[in-house]
Amino acid sequence: MILIVDDIRANIIALKKTLELHSIEVDTAESGEEALKKILKTDYSLIIMDVQMPGLDGFEVVRILSGNKKTKDIPVIFLSAINIEKKYIFKGYETGAVDYITKPVDSDLLILKVKSFIKIYDQQNELKVMKDLLSKEIAIRKEAQDNLEIKIVERTKELVLKNEELEFKNHELQQFSWVVSHDLNEPIRKIQIFIGIIKDLYLKDNPKALDYVNRTMKSAERMQTLISDLLAYSRLSSKVLFEKTDLNVVLQEVLSDFDYQIENKSAVIKVTDLPAIHSIPSQLRQVFQNLIGNALKFSGNVAVPTIEITSELIKNREFDSETDPEGEFCRIIISDNGIGFDEVYLDRIFVIFQSLNDRSIYEGTGIGLAISKKIMEKHNGLITAKSELGKGASFILVLPLQQEIQTN
């Protein structure tokens, strides 16, 4: 809506009709005082102001509007048939008007200017609304960011406290494991000793009793093995530093430990050269012990148990990665020609206490492969297996040559 201000009613009526023909909404005031009252109550997009009026003239009204925060941005066009000299035109612009038109007026030009100023005013209002919305959005986002930062700080403190508590509990658990393993192993050792004495001194001529005693001693041995394996599993959470390790040396130590089983089963061991990597030697020794020990244990009835250990450098930390002489990872495969297993159960074999074989035939605790998997994870490596019932098994290890992060 625009406001026409003129003390001559005939001028108002003529201009109002001209504007309304172009669908422009119009309000009127017949004095400067009346105009000010209306402007304070209503939002106008443009004011067409007569200069010469009794009381407050047009110049004085515009000065008042310019000094008010609410009204200073309303565009004003002066329209005068009397004050047409340059000094009045300059005065009109100085007071804050956007245009000064002298009569006689070109109606088409006036309508064009009015529409232009209305459009500009509307655009300014839209920009103002957008600016207000943007300011509110910025304020909301800043408040949200401040709240988020506070929550992050609080959560970080909580995590630090939880981590300290976890480390303390972990230390307690390790201490507990040591105590329990010692306290459990001691009575088992005494049971084995006393049952052995009873067997040698009193049961030589009693086959049935000897059978029961032998079963009892085997159960005690399995219990002792289980305690040792559980202790080994719990030790994996302790902090140990990585060091440069020649895997050939580690593997030879393991094969030396299995001399008796290898000779007893007439097993053939084929080994290619292994790389030197950044590792915890005692833990990788345990991985080789578990995998080679399983290969010997589950050799079945084959005439010549064969274990083949190969190694190659690869490009990526993936089981099927292509070979690369400059690769930063190594792939080690330990294959045998034993009883194998159904790959349907692949996920189970690396879970603690899971065993796919008859424990009455194959002794074990079901912890060895779980320990191996945990050690490989500790080394930022991977472990999986490929197998088929009756056709042996292949365990695939992927290890980085260098450890970028010291893993606890």
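**View 1. Residues of helix 9 and helix 10 that meet.** Gln283, Leu284, Gln286, Val287, Asn290, Leu291 and Asn294 in helix 9 are in contact with Gly368, Leu369, Ile371, Ser372, Ile375 and Lys378 in helix 10, where contact means heavy atoms within 4.5 Å. These contact residues comprise 6 nonpolar, 6 polar and 1 charged, with Ala, Val, Leu, Ile, Met, Phe, Trp, Tyr, Cys and Pro counted as nonpolar, Asp, Glu, Lys and Arg as charged, and the others, Gly among them, as polar. The model is predicted, so that local features need pLDDT of at least 70 and side-chain atom pairs count only at pLDDT 80 or more, while totals for chains, interfaces and linings use all residues. Residues are numbered from 1 along each chain as its sequence is written, and side-chain values use heavy atoms, with hydrogens and water left out.

**View 2. The crossing of helix 9 and helix 10.** The axes of helix 9 (residues 281-297) and helix 10 (residues 368-378) come within 9 Å and cross at roughly 145°; axes are lines fitted to C-alpha atoms, for helices over the stretch in contact, and angles run from 0 to 180 degrees between N-to-C directions. Helices (H or I, at least four residues) and strands (E, at least two) are DSSP runs, numbered from the N terminus.

View 3. Five strands form an open sheet in the order 2-1-3-4-5, with parallel pairing, where two strands pair if DSSP finds at least two bridges between them. At the edges, strand 2 (26-29) and strand 5 (99-102) each pair on one side only. Strand 1 (residues 2-5) and strand 3 (residues 46-50) run parallel and are joined by 4 bridges, and Leu3 stands opposite Ile47 in strand 3. Helix 1 (residues 9-20) lies across strand 1, strand 2, strand 3 and strand 4 (76-80), and runs at about 170° to strand 2.

View 4. A search of the whole structure finds 1 cavity of 30 Å³ or more; on a 1 Å grid over the protein atoms alone, a cavity is a set of points where a 1.4 Å probe fits but cannot get out, and lining residues have an atom within 4 Å of a point. Grid points are joined across faces, edges and corners, and a volume is the space filled by probe spheres set on the points. The lining consists of Leu247, Leu284, Val287, Phe288, Ile332, Leu397 and Leu399, and helix 9 gives the largest share, 3 residues.

Terms used. 1 Å grid on protein atoms, 1.4 Å probe; cavity = no way out; pocket = protein on both sides within 12 Å on 5 of 7 lines; lining within 4 Å.
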